[in-house]
Number of protein chains: 2
Amino acid sequence: MTRAEEIYQRLRADILNGRHEPGSRLRVEALKEKYGASSGVLREALPRLVGQGLATFAPQQGFRVVTVSPEHLEELTEARVFIETHLVRESVTAGTIEWESDLLAAHHHLARVPFFGDAGEINEGWLNAHARFHRVLLEGCPNRPLRDIATQLREVAEVYRCWARTPTEHSGRDIAAEHKAMCDRAIERDVPGVVEALSRHITITTRLLLDDYRRREEESRQDRGASST
Amino acid sequence: MTRAEEIYQRLRADILNGRHEPGSRLRVEALKEKYGASSGVLREALPRLVGQGLATFAPQQGFRVVTVSPEHLEELTEARVFIETHLVRESVTAGTIEWESDLLAAHHHLARVPFFGDAGEINEGWLNAHARFHRVLLEGCPNRPLRDIATQLREVAEVYRCWARTPTEHSGRDIAAEHKAMCDRAIERDVPGVVEALSRHITITTRLLLDDYRRREEESRQDRGASST
DNA sequence: TTTCAAAAAAATCTCGAGATTTCGTTGACG
DNA sequence: CGTCAACGAAATCTCGAGATTTTTTTGAAA
């Protein structure tokens with residue numbers, strides 16, 4: 001493992017977990033100290049994040065974590081539903097026995113990992129298991145470029161999850177049941193069933209995140225009003 | 001324009017024009033001399049190509065231009081047809097008057113630029129106009145993430161065009177008529193017509209490229225046979 | 001109090017040199 | 001003649017320093 005590779009992985013994980021706030025600057029000087037790497041290494045790792053859509057870059061102004069907005073999230077969700085439903089349809093239709101096994105394994109793992117960590121934060125292990133489950137679900141489809149795109153879009157969407165204040169586990173939602181439904185329908189080769197389950201899974205998450213965002217906007221508006229009077 | 005930005009643009013153009021052969025190594029030492037830049041600048045520009053899918057990277061082994069294969073091209077084409085037909089449907093449905101104007105302008109430009117350059121090579125201006133036309137065609141759709149993905153896939157596909165020995169203009173194909181048909185159907189808001197035209201446009205190009213590839217494989221097999229006897 | 005300009009601080013951009021790893025070559029051995 | 005190991009060349013990886021640009025701070029004037 002090369003130095004730049006390691007730093008890239010850590011930076012990526014830290015963005016996906018919300019340890020770098022969306023829209024915040026990624027100053028090379030600050031990161032040099034935080035990650036214990038030279039500027040050269042960082043200037044090699046950061047462009048890879050840009051290519052993955054997790055960061056942006058402007059000349060003479062450095063790097064930033066990708067910025068979030070309700071409009072972007074809605075567009076992102078629309079794109080994900082479009083691509084992932086297609087992929088899952090192909091995947092369930094063409095998936096082999098090995099794929100079935102992988103899916104069962106991924107779901108079992110996801111079902112056993114706790115959502116919350118010791119500190120009340122979202123457990124990083126759950127995030128990894130969740131990402132793996134969704135990746136494997138689509139892996140029965142042989143089209144590599146499309147699968148890569150789906151993974152890329154999911155990763156950007158992950159930024160929104162960790163940016164939300166209220167974990168999407170709440171709101172009376174049974175996320176484990178949703179995953180179980182997708183897994184079961186997939187194994188049963190119930191194509192319409194799995195498409196429906198995945199589609200709802202994605203849109204429900206987005207709706208909760210948008211509600212969270214609007215609630216936060218409302219509160220900050222009230223705060224501003226209270227402080228200015 | 002920063003130095004790394006400039007080098008990135010030149011590298012990208014050189015790959016898209018076939019001046020760097022698919023699968024060939026991109027040695028930092030060699031590039032340093034060729035582009036007159038330091039290793040630091042190159043190590044910042046190259047990862048951006050990786051993120052765009054135009055290059056690959058392996059630790060301790062450096063960078064390579066993306067490798068090509070018939071299977072990859074077929075998957076790529078399938079993905080493009082899937083995504084671009086969706087986008088063009090949305091685009092033609094939702095496109096504004098400004099979009100119509102942009103499309104007409106882009107088509108006019110493309111129709112006037114010659115396909116071949118003075119040296120008998122594919123004219124770089126044509127490649128740019130062609131890329132612009134296809135981009136504008138889909139730009140009526142407001143979904144930014146999907147448009148970006150379509151552009152990314154098209155760029156990777158461009159590598160295949162310049163890698164082919166026989167330009168896709170040949171084979172009795174009237175590529176200008178295809179573009180005109182797409183443009184006309186789009187302005188007429190003939191959704192099924194434009195979807196059909198775009199779909200055929202993409203698949204025909206791929207078929208010609210695959211034919212070219214198989215012909216080349218056949219010849220090289222004969223050459224090997226002749227040289228070994 | 002607000003506005004504007006100049007100076008200071010900080011960050012980015014660029015470069016070349018040294019340490020480490022990989023790849024090709026040569027030579028000896030079976 | 002084929003295989004394997006050691007040597008040498010080349011490329012990658014990493015780092016810190018200097019030049020340029022941006023941002024912030026400071027202070028004076030309206």
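This passage describes how two chains of a predicted model are arranged, how they meet, and what spaces lie in the structure.

The model is predicted, so local features need pLDDT of at least 70 and side-chain atom pairs count only at pLDDT 80 or more, while totals for chains, interfaces and linings use all residues. Residues are numbered from 1 along each chain as its sequence is written, chains are lettered from A and ligands numbered from 1 in the order in which they are written, and side-chain values use heavy atoms, leaving out hydrogens and water.

The contact between the chains takes 28 residues from chain A and 28 residues from chain B, where contact means heavy atoms within 4.5 Å. Between them, chain A and chain B bury about 2,400 Å², and carbon and sulfur atoms give 63% of this area. Buried area here is the accessible area (1.4 Å probe) that two parts lose on being put together, summed over both. A:Glu44, A:Glu75 and A:Phe82 supply 24% of the area that chain A buries against chain B, more than any other three residues. Because 100% of the interface residues of chain A are also interface residues in chain B, the copies meet through the same surface.

Inside chain A there is a further boundary to look at. In chain A, 12 residues of domain 1 are in contact with nine residues of domain 2, and the two domains bury about 870 Å² between them, 54% of it on carbon and sulfur atoms.

On a 1 Å grid over the protein atoms alone, a cavity is a set of points where a 1.4 Å probe fits but cannot get out, and lining residues have an atom within 4 Å of a point. Grid points are joined across faces, edges and corners, and a volume is the space filled by probe spheres set on the points. The count comes to one cavity of 30 Å³ or more, and the largest cavity holds about 60 Å³ of space. Its lining draws on both chains, including A:Pro47, A:Val50 and A:Phe57 as well as B:Thr2, B:Glu44 and B:Arg48.

Technical notes
1 Å grid on protein atoms, 1.4 Å probe; cavity = no way out; pocket = protein on both sides within 12 Å on 5 of 7 lines; lining within 4 Å.
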